[in-house]
Amino acid sequence: MEDILKIIYICNKNRKILSKHDIKRICEIIIKEKKYDSYVNKINFKSHEELDSVATYDGNELCFYKDGLELLKSITVSDANLNGSKIDLINYKILSTIFHEFAHVRQHIITNSYTDESRIYRICEKLYHIDNFYEDNYSIMLNEVNAFALGNLNAYKIYKNLPRGIITVNDINFYKRDVLNTVLSSYEVDLDKEKVKSPSEQLLNVLKKYDCIKIYDELKKIIEGSKNYNLYNRLLVGLPISFKNYAYVNMFATNFNNDDYKFIKKLQKKK
Ligand SMILES: [Zn+2]
């Protein structure tokens with residue numbers, strides 16, 4: 001990851017948005033490091049896609065769309081707590097998009113194993129074949145929940161290691177909160193009743209309306225058997241968490257202090 005850090009460092013320092021060449025180079029570094037070469041045979045850039053996506057992975061080709069990337073560049077910096085330039089934020093979003101797609105690469109690779117996580121991705125794959133299901137339920141598709149979480153988390157991990165002359169402590173905190181807020185945004189919370197509905201439970205509710213009892217039963221079994229997972233692993237695939245744990249994660253997501261970068265370790269320790 002050292003090389004990715006260098007690319008981001010140079011771009012952010014020179015106020016330059018990651019180019020096609022930079023994106024390709026970052027992908028190549030990840031492919032080499034993770035030994036993904038037989039799963040990503042091609043890195044492509046196309047002008048546009050019917051779906052308004054920034055990037056896609058189809059089990060073989062990783063494709064970035066110019067129109068989607070342009071859209072990322074139009075984001076506005078609304079958070080008053082972000083000190084850095086808009087370019088830092090755009091590069092963070094691009095980097096997060098790259099890691100998002102590599103999360104899908106990883107999902108594709110482990111899809112045939114026998115862990116609950118693999119079972120979850122197999123369920124998502126099946127749902128992909130039901131007309132409009134995926135599009136209509138995009139925010140609670142558990143493979144997407146995972147890809148958004150890992151995308152932001154890995155981009156944050158790079159940003160956290162930028163020299164302090166390039167990034168302020170405040171901004172590292174901004175990106176940290178972004179990671180956690182993204183994860184929490186797929187959980188439905190009822191503050192009065194002190195109840196939290198995870199994306200997996202929301203998906204289960206949707207499945208009730210469809211004629212797919214097998215998938216419903218399978219997901220139900222995974223949810224029921226997930227009690228022993230730590231909080232970090234639950235959040236990464238949208239499994240149920242308690243209201244107390246929701247409040248705990250939210251504390252990190254709203255905390256403006258500078259001394260809690262160990263939140264990942266803390267979430268991993270918590271049941
Ligand atoms: Zn995705």
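At what angle do the axes of helix α5 and helix α10 cross? Here are some notes on that and a few other spots. The model is a predicted one, in which local features need pLDDT of at least 70 and side-chain atom pairs count only at pLDDT 80 or more, while totals for chains, interfaces and linings use all residues. Residue numbers start from 1 along each chain as its sequence is written.

1. **Helices α5 and α10.** The axes of α5 (residues 116-128) and α10 (residues 213-224) cross at roughly 155° and come within 10 Å. Helices here are DSSP runs of H or I with at least four residues, strands are runs of E with at least two, and both are numbered from the N terminus. Axes are lines fitted to C-alpha atoms, for helices over the stretch in contact, and angles run from 0 to 180 degrees between N-to-C directions. The crossing angle makes α5 roughly antiparallel to α10 (over 145 degrees; under 35 would be roughly parallel, 65 to 115 roughly perpendicular and the rest oblique).

2. **Who makes that contact.** From α5 come D116, R119, I120, I123, K126 and L127, and from α10 come I215, E218, L219 and I222. Two residues are in contact if their C-beta atoms, placed from the backbone, lie within 7 Å. Six of the contact residues are nonpolar, none polar and four charged. For that count, Ala, Val, Leu, Ile, Met, Phe, Trp, Tyr, Cys and Pro are nonpolar, Asp, Glu, Lys and Arg are charged, and the others, Gly among them, are polar.

3. **Helices α9 and α10.** These two pack at an angle of about 155°, with axes 10 Å apart, and are therefore roughly antiparallel to each other. On the α9 side the contact uses S200, E201, L203, L204, L207 and K208, which meet I215, Y216, L219, K220 and I223 in α10. By class, that contact has seven nonpolar, one polar and three charged residues.

4. **L207.** This residue is found in α9 (residues 199-208). L207 is buried, with 22 other C-beta atoms within 10 Å (buried takes 20 or more such atoms, exposed 12 or fewer, partly exposed anything in between, with C-beta atoms placed from the backbone). Not counting residues up to four places away in sequence, L207 touches C212, I215, Y216 and L219. L127 is 80 residues from L207 in sequence, yet their C-alpha atoms are 9.5 Å apart.

5. **The nonpolar core.** The largest one has 64 residues, and those with the most contacts inside it are L95, I98, A149 and L235. Such a core is a set of buried Ala, Val, Leu, Ile, Met, Phe, Trp, Tyr and Cys residues joined through C-beta atoms within 7 Å. Helix α7 (residues 142-160) gives the most to this core, with 11 residues. Leaving aside neighbours within four places in sequence, L235 is in contact with A149, V183, I241, V249 and L267.

6. **Two loop residues worth a look.** Most residues other than glycine have a negative phi. K35, in the loop between α2 (20-34) and β1 (42-46), has a positive phi of about 55°. N132, in the loop between α5 and α6 (133-136), has a phi near 65°. K35 is exposed, with 9 other C-beta atoms within 10 Å, and N132 is exposed with 7.

7. **G84.** This glycine lies in the loop between α3 (66-73) and α4 (86-110) and is buried, with 21 other C-beta atoms within 10 Å. Beyond four places in sequence, G84 touches I167, T168 and D171.
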